[in-house]
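Colleague: I am new to this one. Please walk me through how to read it.

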Amino acid sequence: MVGDPMDRTSILGLIFGVIAVSVGMVLKGIDFSALMNPAAFLIILLGTAASVTIAFPANELKKVPSLFKIIFSEKKGIKMTDAIKIFTEWAQISRREGILVLETQVEEIDDLFLQNGMRMAIDGKTPDYIRDCLLEEIESMEERHKVGAQIFSQAGTYAPTLGVLGAVLGLIAALGEINDTAKLGNAISAAFVATLLGIFTGYVLWNPFANKLRRKSQQEVKLKLLMIEGILSIVEGENPLEIEIKLAAFLPAEE
């Protein structure tokens, strides 16, 4: 099975972030060997993981691998423009032959939310019942997505603070070498590596990851709301052209 296509913006953003810091170091005349500080990596990476582990229950943390997949891949499925075309075609068929005829076509759609909504419509459920059920499903989905974004958002809060902790520990070690100028300089340099790692991971990785999850969630909610309107319009027997115009309001102006 072919996997989901990669999310180019996530990949490009990560590459740009690494390039920005790397080129900045070169321009500042910093030797890359200065970053080779195992203690700093341990404090920031393991410390952030420890903080997040304390902050969230295990049943939420076990979803982290799937969250990375969402961040770095584009979800395959129905696009808004495709959904509008589908509802317009279904409205024409429903007005001509009845809504029961759509049952076969609904089974061919690879979207569980749309399938469930149309099955309720075909079964003769009232518009209010269909809307309430589907909105409740959206609300549950939003809550799940909110937790996923919070995990990375909290990691983005903890990492820079742990960077300060790493710097303090490094300075404490540096004070032990205060009588040796050469060692003191190296120790102070190493102390701020933890701060660099904390800020980089917090503001180039974890916080942007959280925002990407929130934005993808908002886009998915918008698509599902469009689907609800499309389903209810078919149930109420609206004109296909009116349905198309109504659903087009969900699209960005340029589309």
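Colleague: Which residue forms a salt bridge with Lys75?

Modeller: First, the ground rules. This is a predicted model, where local features need pLDDT of at least 70 and side-chain atom pairs count only at pLDDT 80 or more, while totals for chains, interfaces and linings use all residues. Residues are numbered from 1 along each chain as its sequence is written, and side-chain values use heavy atoms, with hydrogens and water left out. A salt bridge is a side-chain nitrogen of Lys or Arg within 4 Å of a carboxyl oxygen of Asp or Glu. Here Lys75 pairs with Glu220, and the closest N and O atoms are 3.2 Å apart. Lys75 sits in the loop between α4 (64–72) and α5, Glu220 in helix α9, 145 residues apart. Helices are DSSP runs (H or I, at least four residues), numbered from the N terminus.

Colleague: Is Lys75 buried or exposed?

Modeller: Buried means under 20% relative accessible area, exposed over 50%, and partly exposed in between (1.4 Å probe, protein chains only). Lys75 has 58%, so Lys75 is exposed.

Colleague: How many salt bridges does the rule give?

Modeller: The count is eight. One of them joins Asp7 and Lys212, with the closest N and O atoms 3.4 Å apart. Asp7 lies in the segment before α1 (8–27) and Lys212 in helix α9, so this pair ties together parts 205 residues apart in sequence. Asp7 and Lys212 are both buried. A network of salt bridges links Asp7, Lys212 and Lys216.

Colleague: Which residues touch the most other members of the largest nonpolar core?

Modeller: A nonpolar core is a set of buried Ala, Val, Leu, Ile, Met, Phe, Trp, Tyr and Cys residues joined through side-chain atoms within 4.5 Å. The largest has 34 residues, and Phe87, Trp90 and Leu114 touch the most other members. Elements giving two or more residues to this core are α5 (80–97), α7 (112–122), α8 (127–175), α9 and α10 (240–248). A second, separate core has 18 residues, including Leu61 and Leu205.

Colleague: What is Val193 in contact with, leaving aside its neighbours within four places in sequence?

Modeller: Contact means heavy atoms within 4.5 Å. With those neighbours left aside, Val193 is in contact with Ala34, Leu35, Asn37 and Ala40. Val193 is found in helix α9 (residues 181–235). Its relative accessible area is 5%, so Val193 is buried. The C-alpha atoms of Val193 and Ala39 are separated by 9.4 Å, though these residues are 154 apart along the chain.
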